[in-house]
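Here's a quick tour of one model, with an eye on charged pairs and packing. Have the viewer open as you read.

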Amino acid sequence: MPPFSASDPDQYGDIVATYTRNNMFAQELERLIDAEVERMKENVSLGFVENFSDYKYVAGKLAGLRSVKDLMAEASAICDGKPREN
């Protein structure tokens with residue numbers, strides 16, 4: 001049985017709005033992460049990273065952002081009913 005009442009059509013709109021906002025949020029977050037990764041890679045390739053310490057910082061940040069994207073993909077798969085990866 002659905003967690004809402006068929007006699008209250010306003011609940012359908014709320015559910016659709018929440019679903020749509022969540023999808024938009026996930027897509028925008030992924031777009032922002034991709035843009036930040038590209039910006040950081042460009043900074044490295046243009047020589048804006050001046051020493052090894054800065055390089056390690058940028059590399060760690062890139063790894064972290066990629067990890068977030070992997071976790072987002074895993075969460076999406078779980079929400080879609082796919083088995084969890086180990």
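## A charged trio

E30 is partly exposed because its relative accessibility is 36%, the class between buried (under 20% relative accessible area) and exposed (over 50%), using a 1.4 Å probe and protein chains only. This is a predicted model, where local features need pLDDT of at least 70 and side-chain atom pairs count only at pLDDT 80 or more, while totals for chains, interfaces and linings use all residues. Residues are numbered from 1 along each chain as its sequence is written, and side-chain values use heavy atoms, with hydrogens and water left out.

E30 pairs up with K69 in a salt bridge, closest N and O atoms 3.6 Å apart; that term means a side-chain nitrogen of Lys or Arg within 4 Å of a carboxyl oxygen of Asp or Glu. The two sit 39 residues apart, E30 in helix α1 and K69 in helix α2. Helices here are DSSP runs (H or I, at least four residues), numbered from the N terminus. K69 also meets D34 at 2.5 Å, N to O, so E30, D34 and K69 form a network of salt bridges.

## The nonpolar core

What makes up the largest nonpolar core? Six residues: I33, V37, M40, V58, L62 and L65. Such a core is a set of buried Ala, Val, Leu, Ile, Met, Phe, Trp, Tyr and Cys residues joined through side-chain atoms within 4.5 Å. Both α1 (9–45) and α2 (52–79) supply at least two of its residues.

On α2, the buried residues are V58, L62 and L65.
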